[in-house]
Amino acid sequence: LTEPLDVQATHFAVALNDLLNRTVASEVTLRSTRRDDRTDAALVGLDLGEGIRPQTFPVATPHMGCLHLLVYFAVRLDPEGVHMAVSKSIFGVYGVPGPSGGDPLVRYDYNRDMDGYPSAHIQVHGESQALGRLNALANRTKRLALSKLHFPVGGKRFRPCLEDLLEFLIVEGFVAPVSEGWQAAINNYRSTFHRRQLLAAIRRDPDTARQAFAADPTHQSSKAAP
Amino acid sequence: MVTTVGRREAERAVRAWLDEMHLTMEELRAEAAEGDFRSEEAELAWFLISSLDLD
């Protein structure tokens, strides 16, 4: 039985809250928000604040005060109208409450309908001496800025997930984990994401999945066993 | 639990936000087509607008 998008998006928000509050955040509550005249599209993230704008939430850092995270997913039902699919997502790491307050350190973006740029990409806000030299050598009328580059990461199916970003923040020492079980939480939810992506890939390309099974001697022998 | 926003309320809020940034919807659409936004805030505004089909 197909569950309405509202139900699927709410389950998704509950799982995200569990992930965030076992790893980097305290009492963060993401919800599903949609237009009152549309039931086929929703936004999962913090409640949109005053003036309907995306909001960030703080995460504790051991040495440098606070960082702020921006986490939003735009979700819709897939073309068959059965499974919830993420059409866009945006994860940003800010030094001050953003996004109006300043540029992020890094942003992980995904837009499945992106034209001209990789649908999954990372934008890094910083200075690059190498890029500066290239700009000077090329005598460009419009200088390339590091923050404007869309570094490709994995495409639609195999893009980085929120769990990867949270793990990065912890292992690089930006954020102190809020529980001893942070790595297990990340591993569990990341496995779920990878399984869901693999299922979607198989649904879209069953012939390749059949070829993989046919070529796998382990699978052949387990099929042959009584 | 699902939060809902009225379409007109959302459109009004978006217009006010764009006015604060001295940006029209047409300019924002053009920046989105180029993938080159004038600011982080403009890019976030486009994410919200396109996600809720307010464009």
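Modeller: Let's start with strand β2 of chain A, residues 41–45: five of its five residues are buried, so the rest of the structure largely encloses it. Buried here means under 20% relative accessible area, while exposed means over 50% and partly exposed is anything in between, using a 1.4 Å probe and protein chains only. The model is predicted, so local features need pLDDT of at least 70 and side-chain atom pairs count only at pLDDT 80 or more, whereas totals for chains, interfaces and linings use all residues; side-chain values use heavy atoms, leaving out hydrogens and water. As for labels, residues are numbered from 1 along each chain as its sequence is written, and chains are lettered from A and ligands numbered from 1 in the order in which they are written. Strands (E, at least two residues) and helices (H or I, at least four) are DSSP runs, numbered from the N terminus.

Look at β2(A) from both sides and you'll find cover on each: A:A41, A:L43 and A:G45 are buried on one face, A:A42 and A:V44 on the other. Next, its partners; two strands pair if DSSP finds at least two bridges between them. Strand β1(A), residues 31–35, runs antiparallel to β2(A) and is joined to it by three bridges. One pair to look for is A:R31 with its bridge partner A:G45 in β2(A). These two strands make a hairpin, with five residues between them. Strand β4(A), residues 66–77, also runs antiparallel to β2(A), this time with five bridges. A:G45 turns up again here, with A:Y72 as its bridge partner in β4(A).

Now step into the loop between β1 and β2 of chain A, where A:T39 lies. A:T39 is exposed, with a relative accessible area of 55%. Leaving aside residues up to four places away in sequence, A:T39 touches A:L5 and A:R34, where contact means heavy atoms within 4.5 Å. Have a look at A:R76 too: A:T39 and A:R76 are 37 residues apart in sequence, yet their C-alpha atoms are 9.0 Å apart in space.

Another strand to visit in chain A is β7(A), residues 120–124. Four of the five residues of β7(A) are buried, so the rest of the structure largely encloses this strand as well. β7(A) pairs antiparallel with strand β6(A), residues 104–111, over five bridges, and A:R107 stands opposite A:Q123 in β7(A). β7(A) also pairs antiparallel with strand β8(A), residues 151–152, over two bridges; there, A:I122 stands opposite A:F151.

Further along chain A come two packed helices. The axes of α3(A), residues 162–171, and α4(A), residues 182–204, come within 9 Å and cross at roughly 160°. That makes α3(A) roughly antiparallel to α4(A). The axes are lines fitted to C-alpha atoms, over the stretch in contact for helices, with angles running from 0 to 180 degrees between N-to-C directions; under 35 degrees counts as roughly parallel, over 145 as roughly antiparallel, 65 to 115 as roughly perpendicular and the rest as oblique. On the α3(A) side the contact includes A:L166 and A:I170, and on the α4(A) side A:W182 and A:Y189 are among the residues. By class, the contact residues divide into six nonpolar, one polar and four charged. Ala, Val, Leu, Ile, Met, Phe, Trp, Tyr, Cys and Pro count as nonpolar, Asp, Glu, Lys and Arg as charged, and the others, Gly among them, as polar.

Finally, chain B. This chain has three helices and one strand, in the order β-α-α-α from the N terminus. Its C-alpha trace spans about 35 × 20 × 15 Å along its principal axes, and 51% of its 55 residues count as buried.

Helices α1(B), residues 7–20, and α3(B), residues 40–51, have axes that come within 11 Å and cross at roughly 165°. That makes α1(B) roughly antiparallel to α3(B). B:V14, B:W17 and B:L18 of α1(B) meet B:E41, B:L44, B:A45, B:L48 and B:I49 of α3(B), a set with seven nonpolar, no polar and one charged residues.

Helix α2(B), residues 25–34, packs against α3(B) at an angle of about 95°, with the axes 10 Å apart. These two are therefore roughly perpendicular to each other. Among the residues that meet are B:M25 and B:L28 from α2(B) and B:A45 and B:W46 from α3(B); this contact has seven nonpolar, no polar and two charged residues.
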